[in-house]
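Let's take a walk through this one together. Have a look at the chains first, and then we'll go through the pockets, the contact and a few local details.

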Amino acid sequence: MGVYSKPALFALLSVVLILVGTFVTTILPIYLPTTQPVSSYIKPYTAVELEGRDIYIREGCNNCHTQTVRPLRTEVARYGEYSKPEEFAYDRPHLWGSRRTGPDLARVGGKYPDSWHYQHLYDPASISPVSNMPAYGWLAGRRLDTGYTFRKVSVLGYGYTRQEVEQQIAAYMERVTAPDYAARDVRNRVTPPELRDTLTEMDALVAYLQKLGRDVKELEKSRRAAMLDKTIGMSEVR
Amino acid sequence: MRESVQDYSVVRGFAYSALFWLVIGLVVGLWLAAEMFYPKLNLTPWLSFGRLRVVHTNGLAFGFALAGIFSCTYYMLQRLTRTPIVFPRLAKFHLYLFNAAIALAALSLFAGMNTSKEYAELEWPLDVVVVIMWVVFAVNVFATLARRREKQMYISLWYIIAMTVTVAVLYIVNNLSVPVNLFKSYPIYAGVNDANVQWWYGHNAVGFVFTVPILAMFYYFLPKTVNLPIYSHRLSIISFWSLVFAYLWTGAHHLMLTPVPEWIQTVAIAFSIFLIAPSWGSVVNGYYTMRGNWELMKTNYLTKFFIVGITFYGLQTIQGPTQGLRTLTAFFHYTDYVVGHVHMGTMGWVTMIISAALYYMIQEMNKTEVFSVRLANLHFYLILAGQLLYTVTMWIAGIQQGAMWKATNPDGSLTYSFIETVASLYPYWKIRFAGGLVYFLGIVVFIYNFIMTGRASKRTALDAGMKTA
């Protein structure tokens, strides 16, 4: 048999064979509309949320938390509306994960107040005594590095100008350092005094966690409202 | 022809590198296993589970398994072509570059430089180093093949060629990214496409690192050990080409019921089921090679490593496709069941074959006998028992958590909160740690036995030299 005595031809044949499946299942889909639908409801991450997402990546949170709700009855009951392709348009990389040592986080945004997240990140066992999540209190002791934030959003093509990035950072800092910030007590408790007036890595991570699934929840709310209008309208006709 | 022309220094170098990274990877694994039920062990940021887990997976997949694969490849390549490595100094450079890359990889992952893509976590500068390293390796593979003195290429060489070209394609395509700075980059793919490309890579990294080169070892070292030819050449041809063709279609079985287009998931299921055939082609070929000589399982200590190893490969390749079916994935996915599955493959198949191949090679290269057959047997039974304790425990844990996640009350509400399902797993996590510990002891015995075999031969060679002098 010829090919078994011709290494170069053998290698070429192998490459052709592996590229068939590769092309059909991964390259072709990149150019199909079904893998990248767009929804005006899904907004890119703000500068601070993006920095929080990068801390989530750095700490490998995706090793224990998934970010995809599957279309299964018990899963929707546990986490909320199942995940749709358009939700991930701004996710580079995706963070779907492969193991749920902790719960799925795709719908965690808005589920708990900021204060809950500060307390939980600082000491998970203080909220769930049997939790095996590592404590991340040290994130509150690290000032958020925003030196590359503009470059990051530019690479990702979010379309913010440098001023907008600075405004977003300043606005979020104002929010969490304001005297009337709802999570002020717990934030001050977990944050060292010298960092209380600035943004920490924990602030950014909380911002990111509160973003997860928020757009979808807004979409659901508006749909429900539209449906309600319709039924009210119909009863008026009747 | 003179065998001594062949250059084994790089084979030895990679063998000892494999053992070094094996110990590091397993110690990290044990630490992680303990963190699962004793979270206080997350002592520092770099010891926290999220960072440490990637050190474990990369350390063992790329530090240990890949070093073992390079060691065996340089050995098989020279034997099967009856030609010494064409560029021995390049091979030496490969050895140093490999160890430097793995060390830097471990340090960077400890530091949290992590792309988050499973088994492709290294940041872009290290990706560049890995690609250079792979090219250096491929140059020697193809140069040696081109200069071979054996016209026909034996089965193992097919698998080596397939690995060499496919890993390059997989690694480059999945790691395409745009750098932000030296330590941070974003992939060129977004959302659904990023997930789809990632698991095409993730699954085929398993295919072309944990399967294809390990089969190359199996097809070479089993016949050598038992001194019998492979049962069917035709079966090995069919198995090879269908495996190489079908593997690339199956990545999306890691993404069942996610927003990835349904047809990609369905195609992945179909090809996953199909893959049972070529996988079992190799299993059957191995079993039939033993026809009429099964007493070797008792009389030849190495035989059982290969036969039990290929048996776990057979079990693995049935369990994998079944747990990818939609109804079963709905139940098992995201639980410890999958963790058990992976560890049967790595602890039961990959390590069994690599350690037996290393035993075989050190004896051949040093022209000596193994230091202790009894220790080799102890090594075998310890890693077998440790692996079974580990995997069976994880399967049960997975079934339990899957059932608890799905449990509903008569009114349709969920029976268990998430944290209740976590609490129920603590006993399993402790047993898993015990399994890992038993397995680790087996590896310690293996390394001791291997090093003593290498040393003993040095001493006998020295003695022989003194006697003739």
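How many nonpolar, polar and charged residues are in the lining of the largest pocket? Keep in mind that this is a predicted model. Sorted by class, that lining holds 23 nonpolar, 13 polar and six charged residues. The largest pocket itself has about 880 Å³ of space. It is lined by 42 residues, and the ones closest to its centre are His65(A), Gly102(A), Pro103(A), His120(A) and Met133(A). Both chains have a hand in the lining: α3, α4 (114-122) and α8 (201-211) of chain A each give two or more residues, and so do α1 (9-37), α2 (49-81) and α16 (418-423) of chain B. The largest share comes from α4(A), with four residues.

Now move on to the second largest pocket, with a volume of about 560 Å³. Of its 23 lining residues, Arg58(A), Asp145(A), Lys152(A), Glu201(A) and Lys184(B) are the closest to the centre. Here α2(A) gives the most to the lining, with five residues. By class, you'll find nine nonpolar, three polar and 11 charged residues around this second largest pocket.

Lys184(B) is a handy bridge to the next topic, the contact between the chains. This residue is among those closest to the centre of the second largest pocket, and it also forms a salt bridge with Asp54(A), where the closest N and O atoms are 3.2 Å apart. Side chains of opposite charge can pair when their charged atoms come close. Between chain A and chain B, the count is three salt bridges. If you look for polar contacts between the two chains, the count is 31 residue pairs, with both residues at pLDDT 80 or more.

Which elements of chain A each supply at least two residues of the side that touches chain B? They are α1 (7-30), α2 (47-58), α3 (73-79) and α5 (149-156) of chain A. The largest share of that side, 17 residues, comes from α1(A). By class, the residues on the side of chain A that touches chain B split into 38 nonpolar, 24 polar and 14 charged.

Stepping back to the whole contact, 76 residues of chain A and 89 residues of chain B take part. Together the two chains bury about 7200 Å² between them, and 64% of that is on carbon and sulfur atoms.

What about salt bridges over the structure as a whole? A search over all chains finds 24 of them. One to look at is within chain A: Arg175(A) forms a salt bridge with Asp114(A), with the closest N and O atoms 2.6 Å apart. Arg175(A) sits in helix α6 (residues 162-177) of chain A and Asp114(A) in helix α4 of chain A, so this pair ties together parts that are 61 residues apart in sequence.

Take the second largest cavity, with a volume of about 190 Å³. Its lining has 16 residues, and those nearest its centre are Tyr45(A), Glu87(A), Lys211(A), Leu212(A) and Gly213(A). Helix α9 (residues 214-237) of chain A gives the largest share of this lining, three residues. Sorted by class, the lining of the second largest cavity has seven nonpolar, two polar and seven charged residues.

To finish, zoom in on the backbone. Most residues other than glycine have a negative phi, and most peptide bonds are trans. With that in mind, find the loop between α3 and α4 of chain A, where Pro93(A) lies. The peptide bond from Arg92(A) to Pro93(A) is cis, with omega near -5°. Over in chain B, Asn227(B) is in the loop between α7 (212-226) and α8 (233-247). Asn227(B) has a phi near 60°, a positive value in a residue other than glycine.

Technical notes: Residues are numbered from 1 along each chain as its sequence is written. Chains are lettered from A and ligands numbered from 1 in the order in which they are written. This is a predicted model: local features need pLDDT of at least 70, side-chain atom pairs count only at pLDDT 80 or more; totals for chains, interfaces and linings use all residues. Side-chain values use heavy atoms; hydrogens and water are left out. Contact means heavy atoms within 4.5 Å. Buried area is the accessible area (1.4 Å probe) that two parts lose on being put together, summed over both. A salt bridge is a side-chain nitrogen of Lys or Arg within 4 Å of a carboxyl oxygen of Asp or Glu. A polar contact is a pair of N or O atoms within 3.5 Å; within protein, one must be able to donate a hydrogen and the other to accept it, and residues adjacent in sequence count only if both atoms are side-chain atoms. Ala, Val, Leu, Ile, Met, Phe, Trp, Tyr, Cys and Pro count as nonpolar, Asp, Glu, Lys and Arg as charged, and the others, Gly among them, as polar. On a 1 Å grid over the protein atoms alone, a cavity is a set of points where a 1.4 Å probe fits but cannot get out, and a pocket is an open set with protein on both sides within 12 Å along at least five of seven lines; lining residues have an atom within 4 Å of a point. Grid points are joined across faces, edges and corners, and a volume is the space filled by probe spheres set on the points.
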